[in-house]
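Reader: I have a structure to look at. Can you show me how to read it?

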Amino acid sequence: MKDLTPARNTLDSIEIASRDEIAALQLKRMKWSLRHAYDNVPFYKKSFDDAGVHPDDLNDLSDLAKFPFTVKTDLRDNYPFKMFAVPREQVARIHASSGTTGQPTVVGYTQTDLDNWGSVVARSLRAAGLKAGDMLHNAYGYGLFTGGLGIHLGADALGLSTYPISGGMTPRQVRLIDDFKPKGITVTPSYSLSILDEFAAQGLDPRDCSLEVGIFGAEPWTNAMRQEIEQAFDMHAVDIYGLSEVMGPGVSMECVETKDGLHIWEDHFFPEIINPETGEPVAEGEQGELVFTSLTKEAFPIIRYRTRDLTRLLPGTARSMRRMEKVTGRSDDMIILRGVNVFPTQIEEALMATKGLAPHFQIELSRPGRMDQMQVLCECADANMSDKDRQAAVKTLSALIKQTVGISVKIEVADAGGVARSEGKAVRIVDNRPKD
Ligand code: DLL
């Protein structure tokens, strides 16, 4: 793999500024953001008033902990536009969650917000090793989802040659990679696996393709999966994180030269880690739930938003801004099986360490009797896998899961292609337990 480290003089000066400089900027911006939210969004006025705090109470960054949290249901309760802090006419873009599990969550951006978003995504793409003139295959979905259009904004800001292929029509994805010869690909890790399968179906070796870097996010993925993808494509694989409530992709990004967690673009998004049960800040470096406060957003300021994503904060390395460790999972995706907490990423890790199995999987939960049961559906890597090898794989995988997670699970090895494929975010858990 080529060294794609960006030249130091191409970075934004704030990326390598001193911690003092970053903190001073954050404090100035945080004061503005709290005041802006309080003055312009009735929800924030009420929530601050109810908690007995006022924007003027913020004298120090640590004072933020006095302010109340914002949660997903607050956004739903204010559907569609009541969380906006500017007149609707000044909103240049609206995105929304799919709303398959309830009221969609709607977010808005002024033109300045879009410019800022473009600049943090450009920064992220540069951290991945891309520069002006490089070609990008953007396979994140275009539409209300922030992935496609968010990456596109940053790609334009950086000066890439981008084609908005979006997700789906997998044969065409491979065809265009082969014909156009892009340097970078932006895609969910799970969909990249479908693209990989399609390379094989077309008789092409992905290691021979033009791609030098893949920028993966929108769902949890493990370092074991990174190795698998890097090996399969002979390219770098880096992690990009974000959520629509805070902006979209580009809230934090891993640097290609270090691949050691994601630098949070702290000049725009202020992170905290809290204990998800008590809501109290955890000690530095401890794991917990990630909480964000926007520092510059005009249309949709967000104060202490509980992401439900679990991670820890680490000091800066390749950039001065703090890093977040790869997200282990969402607290909502945590399965509690017979008293043990299980994340799909743990299953992914075990799967990757098992010979003969493809990296696709789905977890099915059921309750045949009084006890919950978990079945991992995975599939053979090779269509001609013998029954003996299948049984050996089942044995290895169940032993690994027992050893690392501490639970016994059922394992089903389907034929190649037997696990449902995603064209965006993978559905990892199918919950067939009766609702109680
Ligand atoms: O998924 C934004 C995005 C698009 C990020 C493209 C990266 C690339 P939402 O649809 O609002 O936004 O979903 C946000 O997805 O709270 C996490 O649970 C999860 N997520 C996003 N990026 C990562 C990542 C986009 N790199 C939710 N690792 C977040 C783990 C991620 N989980």
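Author: Start at the ligand. This is a predicted model. In it, a polar side-chain atom of Asp309 lies 2.6 Å from an oxygen atom of the ligand. A polar backbone atom of Ser244 is 3.0 Å from a ligand oxygen atom.

Reader: How much of the ligand's 610 Å² does the protein bury?

Author: The protein buries 92% of the 610 Å² that the ligand exposes when taken alone.

Reader: Which element gives the most residues to the shell around the ligand?

Author: That is β7, with five residues. The shell has 20 residues, and among the nearest are Asp239 and Ile240.

Reader: Now helices. How do I read a helix side by side?

Author: An α-helix has 3.6 residues a turn, so residues three or four places apart point the same way. Now take α2, residues 42-51.

Reader: Which residues of α2 are buried?

Author: Phe43, Tyr44, Ser47 and Phe48 are buried. Seen down the axis of α2, they fall within an arc of 120 degrees, so they line one face of the helix. On the other side, Pro42, Lys46 and Asp50 are exposed.

Reader: What do the buried residues of α2 pack against?

Author: They pack against α1 and α3.

Reader: And what about cores?

Author: In soluble globular proteins, nonpolar side chains tend to be buried together. Here the largest nonpolar core has 74 residues. Tyr44, Ile215, Tyr241 and Phe292 touch the most other members. Helix α4 gives the largest share, seven residues. Another core, of 24 residues, lies apart from it and includes Ala350 and Leu365.

Terms used
Residues numbered from 1 in each chain as written. Predicted model: local features only at pLDDT ≥ 70, side-chain atom pairs only at ≥ 80, totals over all residues. Heavy atoms only, no water. Buried < 20%, exposed > 50% of the residue type's maximum accessible area, 1.4 Å probe, protein only. Helix = DSSP H or I, 4+ residues; strand = E, 2+ residues; numbered from the N terminus. Arc of directions from axis to C-beta. Contact = heavy atoms within 4.5 Å. Core = buried A, V, L, I, M, F, W, Y, C linked by side-chain atoms within 4.5 Å. Near = heavy atom within 4 Å. Polar contact = N/O pair within 3.5 Å; in protein donor to acceptor, adjacent residues only side chain to side chain. Areas by Shrake-Rupley, 256 points an atom, 1.4 Å probe, with all protein chains shown as cover.
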